[in-house]
Amino acid sequence: MCRIFFGDSAAAKLGTVPLSNDTVARRIADMSNDIREQLIQFIKNSPYYALQLDESTDIAGQAQLLTYVRYVRDKLIEEDVLFCRPLQSHTTGEAIFNVLDSFIHENGLAWDRCVGLCTDGARAMTGREQGLAARVKQVAPLVKWTHCMVHREALAAKKMPSLLESVLNQSVKLINLIKSRPLNSRLFEVLCQEMGSEHEQLLLHTEVRWLSRGRVLQRLYELRDEVKRFLTQINSDLAKNLDDPLWLACLSYLVDIFDRLNGLNLSLQGRETHILLLAEKVDAF
């Protein structure tokens, strides 16, 4: 009818419209299920498999459990995302184990083939009795727990001498004075534009992001002159830090050392890595 009334061009455009409002969603779901079924079959055919998982909170405030699997396929070690499921209530070791155990049984996988479990060092994961590792060992006697190497590196990088820690805390306080107040943030942006700066904003420090400190301090060091002028204009006592040669020397050292630590952190991430290779990189560093 469309071709008769309006011509072939209009008919071709109309033909691209799906007749159902959930056609695309259904096709995505079908492809997703097919990929999941293939992955489950590969794991079933593998003599052993290992799991790596972590719990995190998404932008909506919902706790999500993300799990990766490593298995043997055609005499090669493969790794894929196994599943991502929400934790409806608590994020305890028992709750995490229940979600993981439910997925294992739903898909007919065998716990006795699980030989590895890699997590961070949180109490929910490592608790002696109710932690995830302890619960998994009760059903998978062959499993060996490993503390995530990237997480270990991030924890080790937190320790620093009191002088450097003081400079870091003062830097965060200085940045928050500008970034956490919309008026100060806008005025600082205008000042940077007037001075022809390469950047116009500072970065906020986020503790849960492992690369945060290096990038935050580097931006502060690059804008140190602009920050000093702005703090002087608003009569802040924090401006005196940027006149102290020792404080600036410590700040520049922190920028350099965190740049190296961030480089190490990134080199520990990615596919096809294993604990021997990661240990080598840490020792070399």
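1. Phe188 and Phe230 are both buried, where buried means under 20% relative accessible area, exposed over 50% and partly exposed in between, with a 1.4 Å probe and protein chains only. This is a predicted model, in which local features need pLDDT of at least 70 and side-chain atom pairs count only at pLDDT 80 or more, while totals for chains, interfaces and linings use all residues. Residues are numbered from 1 along each chain as its sequence is written, and side-chain values use heavy atoms, leaving out hydrogens and water.

2. There are five aromatic pairs in the structure. Rings of Phe, Tyr and Trp (its six-membered ring) pair if their centres lie within 6.5 Å; planes under 30 degrees apart count as stacked, over 60 as edge-to-face and the rest as tilted. Phe97 and Trp111 are stacked because their ring centres are 6.2 Å apart and their planes lie at 20 degrees. Phe97 is in helix 4 (residues 93–106) and Trp111 in the loop between helix 4 and strand 4 (114–119), 14 residues apart. Helices (H or I, at least four residues) and strands (E, at least two) are DSSP runs, numbered from the N terminus. Phe97 counts as buried at 3% relative accessibility, and Trp111 counts as buried at 6%.

3. Phe188 and Phe230 form an edge-to-face pair, with 5.8 Å from centre to centre and 85 degrees between the planes. Phe188 belongs to helix 9 (residues 182–194) and Phe230 to helix 11 (residues 224–233), so the pair ties together parts that are 42 residues apart in sequence.

4. Phe188 is also among the residues with the most contacts inside the largest nonpolar core, which has 31 residues; Leu202, Val227, Leu231 and Leu254 are the others. Such a core is a set of buried Ala, Val, Leu, Ile, Met, Phe, Trp, Tyr and Cys residues joined through side-chain atoms within 4.5 Å. Two or more residues come from each of helix 8 (162–179), helix 9, helix 10 (212–222), helix 11 and helix 12. Helix 8 gives the most, with eight residues.

5. A second, separate core of 29 residues includes Ile40, Leu51, Ile104 and Val143.
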